[in-house]
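The sequence and the structure come next.

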Amino acid sequence: MKTFSMNILSHRALQVFLVACLVVPFAACKKEEAPKEAVAAPLTAPADDDINAWRAYVSDAVTRNMGGISNQPYVYLLPGENSEGFEGSYERLAEKAETDVARGIIGGNMLAYASPASAKMADIVVASFKDVPADTMKGVRVLFIGDAADNERVKAAVSPAGVTYVFIEAK
């Protein structure tokens with residue numbers, strides 16, 4: 001009886017081993033056949049005030065700079081100063097940005113500011129962060145897309161809040 005049950009176990013083990021030998025090489029082939037995703041080159045900043053081109057550029061820049069942020073980012077895009085209705089757009093966006101920041105932004109979120117009118121967008125950021133208490137926005141990423149001339153001013157305004165600051169020069 002022992003010999004019979006031993007033969008069944010040996011036979012069963014041999015079957016499992018053979019199946020494994022056949023399955024593993026095929027599984028490995030399937031993995032190698034998977035298509036590899038091509039990573040597109042980053043978009044460059046539009047040379048003009050075309051708002052649609054800016055939307056595409058900002059969307060690309062925000063996506064590339066999420067860095068672990070899983071929440072939907074707050075994106076503030078101001079049109080160029082020569083755009084129709086610029087003053088109204090500026091006032092509305094400034095009010096929205098200030099209200100959002102005043103309510104409080106918790107860690108795991110991103111605030112992205114961009115505009116062909118970099119100095120005006122920098123004004124919005126500075127005004128939005130003027131009353132934020134120190135170290136109350138740790139874990140929040142602030143992305144500013146604008147002119148190098150506005151970088152330090154924006155960085156100085158947002159840094160006391162404890163944010164992670166990222167600057168992209170819009171050339």
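Helices (H or I, at least four residues) and strands (E, at least two) are DSSP runs, numbered from the N terminus. Leaving aside neighbours within four places in sequence, Asp 123 is in contact with Tyr 90 and Arg 153, where contact means heavy atoms within 4.5 Å. Asp 123 and Val 154 are 31 residues apart in sequence, and their C-alpha atoms are 8.3 Å apart in space.

Tyr 90 also has Lys 120 over its face, at 5.1 Å from the ring centre. A charge sits over a ring if NZ of Lys or CZ of Arg is within 6 Å of the ring centre and within 35 degrees of the ring normal.

## Basis of the values

The model is predicted: local features need pLDDT of at least 70 and side-chain atom pairs count only at pLDDT 80 or more, while totals for chains, interfaces and linings use all residues. Residues are numbered from 1 along each chain as its sequence is written, and side-chain values use heavy atoms, with hydrogens and water left out.

## Fold and sheet

The chain has 5 helices and 4 strands, in the order α-α-β-α-β-α-β-α-β from the N terminus. Of its 171 residues, 34% are buried. Among contacts with a separation of 6 or more, 68% join residues 24 or more positions apart.

The 4 strands form an open parallel sheet in the order E1-E2-E3-E4; two strands pair if DSSP finds at least two bridges between them. Strands E1 (74-77) and E4 (164-169) are at the edges with a single partner strand each, so one side of each has no neighbour in the sheet. From one strand to the next, the twist averages 10 degrees. E1 pairs with E2 (residues 110-114) over 4 bridges, and Val 75 stands opposite Ala 112 in E2.

Helix H4 (residues 118-129) lies across E1, E2 and strand E3 (141-146), at about 155 degrees to E3. Axes are lines fitted to C-alpha atoms, for helices over the stretch in contact, and angles run from 0 to 180 degrees between N-to-C directions. In the loop between H4 and E3 lies Asp 135, a residue other than glycine with a positive phi, near 55 degrees. Asp 135 is partly exposed, at 46% relative accessible area.

## Nonpolar cores

The largest nonpolar core has 27 residues, and those with the most contacts inside it are Leu 111, Tyr 113, Phe 129 and Met 137. Such a core is a set of buried Ala, Val, Leu, Ile, Met, Phe, Trp, Tyr and Cys residues joined through side-chain atoms within 4.5 Å. H3 (86-103), E2, H4, E3 and H5 (148-158) each supply at least two of its residues, and H3 gives the most, with 6. Apart from this core lies another, of 15 residues, including Tyr 57, Val 58, Leu 143 and Ala 170.

## Aromatic pairs

The structure holds 4 aromatic pairs. Trp 54 and Tyr 57 form one that is edge-to-face, 5.7 Å centre to centre with 85 degrees between the planes. Rings of Phe, Tyr and Trp (its six-membered ring) pair if their centres lie within 6.5 Å; planes under 30 degrees apart count as stacked, over 60 as edge-to-face and the rest as tilted. Both Trp 54 and Tyr 57 are buried, and they lie 3 residues apart in helix H2 (residues 51-64), about one turn of the helix.

Definitions and conventions. Buried < 20%, exposed > 50% of the residue type's maximum accessible area, 1.4 Å probe, protein only.
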